[in-house]
Structures are given as C-alpha cells and as structure tokens.
Amino acid sequence: METVSIGNQTITEFVLLGFYVKAELHLLLFIVFTVIYASIILGNMLIIVAVVSSQRLHTPMYFFLANLSFLEILYTSSVVPKMLEGFLQEAAISVAGCLLQFFIFGSLATAECFLLAVMAYDRYLAICYPLRYPLLMGPRWCLGLVVIAWLSGFMVGVVIIALMAQLRFCGHNHIDHFYCDFMPLMSLACSDPSVAQMTTFILSVVCLTVPFGLILTSYGRIVVAVLRVPAGASRRKAFSTCSSHLAVVSTYYGTLMVLYIAPSAVHSQLLMKVFALLYTVITPFFNPVIYTLRNKEVQQALWMLLYVKQAEMIEGGWW
C-alpha cells in the first residue's frame with residue numbers, strides 16, 4: 001500500500017472535509033449528533049442487556065435482534081466519532097486508518113444487509129409456519145445464519161480493501177466527506193481504479209439486491225398470511241409492525257443502492273452526504289425503537305432487570 005504523494009512530498013494522512021456549514025453551527029451540530037450517537041449506543045445496549053438477562057427472550061427473533069444491536073454499535077462507532085471530531089477541529093486520518101475505517105464500515109454494512117434478510121426470513125417462518133417454526137429455526141440453524149451473515153460481510157470487505165490497497169493516491173489529500181467512503185477515495189486515485197470500481201459494483205449489486213429481494217418476498221408472504229386472518233387488533237398490529245420494518249429497511253437499502261450501485265444518480269456532493277447520514281446515523285437511531293424497544297416483552301424484561309438491581313442495592317445497603 002502506498003502513501004499519498006503531492007509532487008516530491010510524501011503525505012501520510014487524509015483530511016475529512018465533513019459538512020460545509022457556518023462555523024457558528026459546528027458546536028450545535030456536534031451536540032445534536034453526540035446526543036443521537038449516545039442514544040444509538042444506549043438503545044442498542046439496552047436491547048442486548050434485555051435479551052441476555054431475560055430467559056423469556058432467548059428465542060431466535062431476539063437472538064437476531066441482539067446481533068443487529070451489537071452490529072450497529074460497531075457500525076456507527078466506525079464512522080460517527082471521526083465525524084464529531086470534524087465539527088471541533090480538522091479531522092485528519094492516516095492513509096492506513098482511512099482504509100481500515102472503510103473496511104470496518106463496509107464489512108459491517110454488508111453484514112447488516114444479510115442479517116436484515118435473515119430477520120425477515122425468521123418472521124416469515126414464525127408467522128406462516130408457527131407449528132413447524134421451532135424445528136425450522138433451531139439453535140444451530142440460528143447460529144449458522146448469523147455466522148454466515150457476519151462472515152459474508154467481512155469476506156466482501158477483504159476483497160474490496162485488497163484492491164483499494166493496491167491503488168496509488170496522489171493530488172490533494174482532502175476527502176469531501178465525513179468518513180472514508182469508496183467513491184471519494186476513488187476520485188483521489190492516480191492509478192487505474194476500474195478493477196476496484198467494477199468489483200465493488202458487482203458485489204454491491206449482489207449484496208444489496210439479493211437480501212432486499214428476500215426481505216420483500218418474506219414480507220409479501222407475511223402480508224398474504226395476515227390478510228387471511230379476520231380483521232381485528234392482531235391484523236392491525238401485524239401490518240403496523242411490517243410497515244415499520246419495511247420503512248426502515250427500505251431507507252437503509254435504498255440509500256445504499258443509490259450510492260453504491262447508481263452513484264451517478266447523485267449529482268450533488270451535499271446530497272451524497274445526506275444520503276450517507278441516512279444509513280450511518282438515522283437508520284441505526286430508529287432501529288432500536290422500531291424493532292424492539294416498543295416491544296412489550298423487551299419493556300417487561302428491562303423493568304424486571306431494573307427492579308432486581310434496585311432490590312440488590314437495597315439489600316446491599318446502598319439505599
């Protein structure tokens with residue numbers, strides 16, 4: 001892997017330009033995104049704690065949700081801290097650190113694509129085949145699906161980053177983004193990036209369209225099954241849940257498809273950054289609420305955990 005060069009001068013870092021906003025707004029944006037980031041971490045941590053601590057939540061659905069929460073903690077943490085730094089000072093990042101950030105982010109984003117498809121498939125089996133569900137979604141199969149999702153993401157990331165590491169970067173070292181994304185990095189490459197671009201395009205098509213197609217198929221079959229149920233509260237709840245999930249999933253997949261399959265459709269760098277915010281910050285912010293925290297079983301598990309902790313503190317003489 002080569003460093004960035006400008007003439008005879010060797011440069012060992014990139015500078016992330018972030019958002020072009022007035023200096024007076026930097027502190028406000030820092031506070032807003034810090035609160036959002038803290039909410040993402042807290043919300044997902046609560047889900048993990050609830051699933052691990054409650055025996056009632058040791059089911060395939062919550063096992064997948066706990067994995068999603070853990071993934072999104074890592075996912076946002078690979079991008080947001082450097083973005084927050086950019087609101088306070090110049091956000092510099094080494095060449096190796098930049099490639100590492102993209103590798104972690106890209107691998108986790110791909111893994112989430114597959115994991116969301118697994119979760120939709122799980123709901124399809126639970127609703128359409130309730131009697132056979134325990135057999136169809138046994139512990140080993142659940143673990144296998146999660147391992148496949150995680151490994152698939154990192155295998156794709158290894159292929160792409162191996163090709164990017166062979167490129168030679170030159171010219172200026174300013175990346176017009178708030179993190180090290182693929183297209184801004186390719187625009188700084190002096191050597192021919194066509195192999196890396198074509199490979200990334202093909203992998204993006206496969207890793208985005210196939211899982212998204214499975215999700216649409218699963219929810220389509222769920223809707224058909226729900227329509228057979230007499231109208232009532234259960235049908236309304238099922239439709240509400242499906243619509244919420246599809247709204248979040250569509251936002252996530254839609255923005256990724258635009259930026260990685262049809263980047264030419266985005267004519268503004270500002271619009272590209274806004275789209276990137278949707279899948280790096282906004283979607284992870286709403287996922288804990290949409291998927292789990294409004295779920296009564298999770299709420300009961302958290303209240304029970306809080307009650308037990310209070311009782312332990314009282315017995316230990318803390319109060």
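This is a predicted model: local features need pLDDT of at least 70, side-chain atom pairs count only at pLDDT 80 or more; totals for chains, interfaces and linings use all residues.
Local features need pLDDT of at least 70 and side-chain atom pairs count only at pLDDT 80 or more, while totals for chains, interfaces and linings use all residues. Residues are numbered from 1 along each chain as its sequence is written, and side-chain values use heavy atoms, without hydrogens and water.

Helices H4 (residues 95-128) and H8 (residues 194-227) come within 9 Å, axis to axis, and cross at roughly 20°. H4 is therefore roughly parallel to H8 (an angle under 35 degrees). The crossing is left-handed. Contact (heavy atoms within 4.5 Å) involves residues of H4 including Cys113, Phe114, Leu116 and Ala117. On H8, Leu208, Pro211 and Ile215 are among the contributors. The residues of this contact divide into 16 nonpolar, two polar and two charged.

Leaving out residues up to four places away in sequence, Tyr253 touches Cys113, Phe114, Leu208 and Pro211, among others.

Leu167 lies in the loop between helix H6 (139-164) and strand S5 (174-175). Its relative accessible area is 6%, so Leu167 is buried (under 20% with a 1.4 Å probe, protein chains only). Leu167 and Leu188 are 21 residues apart in sequence and 9.7 Å apart in space, C-alpha to C-alpha. Beyond four places in sequence, Leu167 touches Met186, Ala189, Ser191, Asp192 and Pro193.

How values were computed. Axes are lines fitted to C-alpha atoms, for helices over the stretch in contact, and angles run from 0 to 180 degrees between N-to-C directions. Helices (H or I, at least four residues) and strands (E, at least two) are DSSP runs, numbered from the N terminus. Angles under 35 degrees count as roughly parallel, over 145 as roughly antiparallel, 65 to 115 as roughly perpendicular and the rest as oblique. A crossing is left-handed if the near helix is turned anticlockwise from the far one by less than a right angle, and right-handed if clockwise. Ala, Val, Leu, Ile, Met, Phe, Trp, Tyr, Cys and Pro count as nonpolar, Asp, Glu, Lys and Arg as charged, and the others, Gly among them, as polar. Buried means under 20% relative accessible area, exposed over 50%, partly exposed in between (1.4 Å probe, protein chains only).
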